[in-house]
Amino acid sequence: MLTKRIIACLDVHAGRVVKGVQFVDLVDAGDPATQAARHAKEGADEIVLLDITATHEGRQTLLDTVRRTARDLFVPFCVGGGIKSARDAEQVFEAGADKVSINSAALADPTLISAIGSSFGAQAVVVAIDARRDPKAADPVRGAQVYVHGGRRPVGRTVVEWAREAEQRGAGEILLTSMDSDGTRAGFDCELTAAVSEAVSIPVIASGGAGTVAHFVDVFTRGKADAALAASIFHFGVSTSRSLKEELAEVGVPVRLPC
Amino acid sequence: MRVTVIDYKAGNLTSVLKTLRHLGAETVVTDDDLTLVESAERIVLPGVGHFAATERLDATGLTGAIRSGVARGVPFLGICVGMQWLYAGSSEAPQQPGLGHFSESCTRFAESQEKVPHVGWNSLEVRPVNGIASRLLAGVEPGEFVYFTHSYKGPVTADTAAVTHYIEPFAAAVERGNVMGVQFHPEKSGETGLKILRNFLAWQAKGTVC
């Protein structure tokens, strides 16, 4: 049976894993290669590395980090942050990533999705969407808006419509982050995740709001997510993917166990 | 141990190369240098992307070189589209023939409520191939998981070494003598994947896998 994926997310700044609340008060949380290997060993089904401060000067540092992280990692490995062109993506793949996550660059130029996909396959292109419900819309969930710049600026299109376009243009997966839930540890936005998951045939990875095991159960059932991203709950040894998956299995969520 | 990895400009070779090297193999990559295929000790044909990309194998003469290698008994492993290429063809690119080592064709998953592509970790049901225990999948226990990402698949036949269920049962692995294929990505499948690649690297024409 196809299982639900638990994806460990590492936020990286200048070659180090960092953890903060809403990207402020960053705390050093270790070496990305070491952390990725630890997450894989502890049962994560996939690793995402996000360069949260992606700068031009930092590209070589990032590529070096990707190279070191990929060396002994034998689960799918996705890299995001600052990928603006097919050439940027190619360098990240050559460094050892299996997938790239693109966000604002895809909104600015949607042909980037097919440009990367035509060389590396659709499965290698994850389109990340930062979303906020629109309280003024008749249906705040269906009307949820796409945001850029860390959730500060709306781009004037709905999440569901952009997800559909991304799929048509050859995206392999959607990484959906609810800016309303992100950092709250109060649960994923299951209604929004379900709306997007039902609108497309490609997998939807839910992100933002993970705090408890019950939140994951919720997003996999009510939210119809194919995978869920977890960052903060795994940091500093709070919990492991394995223990999370054992609890999910107990309530009937199909997961990869033993792992 | 030298492995010739075929580059036909379909996707990303880095993960496959990195994993083979991790397991102690020496890797050589070739696109149109047929001598590297003619002298190959082992051949891996990776592949993510579209079946139509295998046209390049014909255009460069690699198809013939691989066919000769396979006939000489060189162990061959096709991964994902590389496995699908072992069949007669795929409905993904009906005009493009495969190697035809297996006479059936690959087809898209049937329309259903489930999502296509099939992406993620799914389990293997290992089974004997033509009455013989699979050598590629030796040591893989019932229900071990591997990582898939694909929309097309091969049918379950006597050559099927492992079955996976998604929408319908399909061939997760195929094996006949020195010719092996996996629909999943062993290079991305954790310890189970490494075990399978070790089996491939240890494959000998006579005797058992060490």
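**The sheet of chain B**

Strand E12 (residues 168–176) and strand E13 (residues 179–182) of chain B run antiparallel and are joined by four bridges. Within E13(B), B:Gly181 is the bridge partner of B:Val174. Helix H6 (residues 190–202) of chain B packs on the sheet, touching E1, E3, E4 and E13 of chain B, and its direction makes about 150° with that of E4(B). Contact means heavy atoms within 4.5 Å; axes are lines fitted to C-alpha atoms, for helices over the stretch in contact, with angles from 0 to 180 degrees between N-to-C directions. Helices (H or I, at least four residues) and strands (E, at least two) are DSSP runs, numbered from the N terminus.

This is a predicted model, in which local features need pLDDT of at least 70 and side-chain atom pairs pLDDT 80 or more, while totals for chains, interfaces and linings use all residues; side-chain values use heavy atoms, without hydrogens and water. Residues are numbered from 1 along each chain as its sequence is written, with chains lettered from A and ligands numbered from 1 in the order written.

The open sheet has eight strands in the order E2-E1-E3-E4-E13-E12-E11-E8 (chain B), with mixed pairing; strands pair if DSSP finds at least two bridges between them. Its edge strands are E2 (26–30) and E8 (125–126) of chain B.

**A second cavity**

A:Leu2, A:Arg5, B:Lys115 and B:Tyr166 are among the residues lining the second largest cavity. A cavity is a set of points on a 1 Å grid over the protein atoms alone where a 1.4 Å probe fits but cannot get out, and lining residues have an atom within 4 Å of a point.

Notes
On a 1 Å grid over the protein atoms alone, a cavity is a set of points where a 1.4 Å probe fits but cannot get out, and a pocket is an open set with protein on both sides within 12 Å along at least five of seven lines; lining residues have an atom within 4 Å of a point.
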